[in-house]
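Student: Could you take me on a close look at the pockets of this protein? I would like to know what lines them.

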Amino acid sequence: MSLDRTNQSEPFVLGMDIGYSGLKLSMGAVSKDGSFDVSAEKSLVLPIGAAPATMMPQTITGEDLEAIKVLVGDETWVAGVEPSKLHNWQRELHEDYPSSKAYLALFYASLALSERKVIDVLVTGLPVDQFHDITRREKLVAALEGIHCISGKKEVTVKKVLVVPQPAGTYLHAIRTMEDEKTLRLFKNGTVLINDPGFYSTDWIIVKNENMQKSTKGTSTNAVSKILETMSFLIRDEYATAPSIDHIESAFQNNEESIFVCGEEVQLKEYLDKASFKVASAAITEIRENLRHGIKPDICILTGGGGKFFEAVMSETFSCKTVTLKNAITANSSGFWFAGQSYCRKMVNSSHYNEVSA
């Protein structure tokens, strides 16, 4: 499949980060000459809920709640919904998540939100350990490329899919947006540890002189879900009732400082501090044990929804500059979008721009 320019004047790139707690998208057209326009990027963040439409409740007056509706097989699904709104919803927390119907529904929702008939380049990521499984990577590419019927009469064509290791998106985003010149030089020329604490897993890679070091990377299950689980256990020990992980997560997403447990208001910060220290320490111990040949980072970059929870332990463990990105939640999808732009520019500079084999 080729990047044919006959039907569109500019290639359209979609950076898609379907995580375990949120759907993050960065998208926009790229100039035909391959030049970059940061203002062309549009970013969206949606809840991770995806389920058959029958699990979506109605309003008190019997009306359907607003949701993105897509067709998964012969069944209508809703996607990008706050999980608390879905009846009997179960989060997909396993390594085969990209093969699930929920992932497919969120992918279709991403295509719908692009408002395009053709996606020239779609870039997404896999956890580091999964990325190095060539079979898994090729399976994901095969599933995402092609013509997709996302609703009764709506089809979207995805011409080219690129899959990268998850934290690579953060690196590309940071190197494009970092404003401090000294930090940028360190970032380009030094040894960079990128740590991406997500909901299901914490991924990390070492980048040295702008090249990923294959022998120094890894994935840990000590991640945000473990922090929330630990918080739930700590609260249970004191209040005899354990709030659900979804309940605590929803409070954080809505910037709430407390939750109610059996009618008692519980302040979350105390439990968050204890749980973050315990889980982050375990994850970072795994990183230290896997750093070979005495590699010491010059700078640590924290990203993802859990980056802020790891900052204190990370800074204490590695005696180097630690940076938590301001827009950490969309850093990966933004970097994916940038990678797609780079691919388009490469094609523009190639005599085979209109004859690129997928």
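**The pockets and their linings**

Tutor: Happy to! The lining of the largest pocket divides by class into 21 nonpolar, 19 polar and eight charged residues, where Ala, Val, Leu, Ile, Met, Phe, Trp, Tyr, Cys and Pro count as nonpolar, Asp, Glu, Lys and Arg as charged, and the others, Gly among them, as polar. This is a predicted model, in which local features need pLDDT of at least 70 and side-chain atom pairs count only at pLDDT 80 or more, while totals for chains, interfaces and linings use all residues. Residues are numbered from 1 along each chain as its sequence is written, and side-chain values use heavy atoms, with hydrogens and water left out.

The largest pocket holds about 980 Å³ of space. A pocket here is an open set of points on a 1 Å grid over the protein atoms alone, with protein on both sides within 12 Å along at least five of seven lines; a cavity is a set of points where a 1.4 Å probe fits but cannot get out, and lining residues have an atom within 4 Å of a point. Grid points are joined across faces, edges and corners, and a volume is the space filled by probe spheres set on the points.

In total, 48 residues line the largest pocket, and S21, G22, K24, G305 and I329 lie nearest its centre. At least two lining residues come from each of the strands β1 (12-18), β2 (22-29), β3 (42-47), β7 (118-126) and β10 (191-197), and likewise from each of the helices α6 (224-239), α7 (245-253) and α9 (307-317). These elements are DSSP runs numbered from the N terminus, with helices being H or I of at least four residues and strands E of at least two.

Next comes the second largest pocket, with about 350 Å³ of space. Its lining has 15 residues, of which F252, K269, L272, D273 and F309 lie nearest the centre. Helices α8 (269-290) and α9 are the elements that give two or more residues to this lining. By class, seven of the lining residues are nonpolar, two are polar and six are charged.

The structure holds one cavity of 30 Å³ or more, and the largest cavity contains about 50 Å³ of space. Around the largest cavity sit Y20, I48, A50, W89, R91, E92, Y97, A102 and L106. Seven residues of that lining are nonpolar, none is polar and two are charged.
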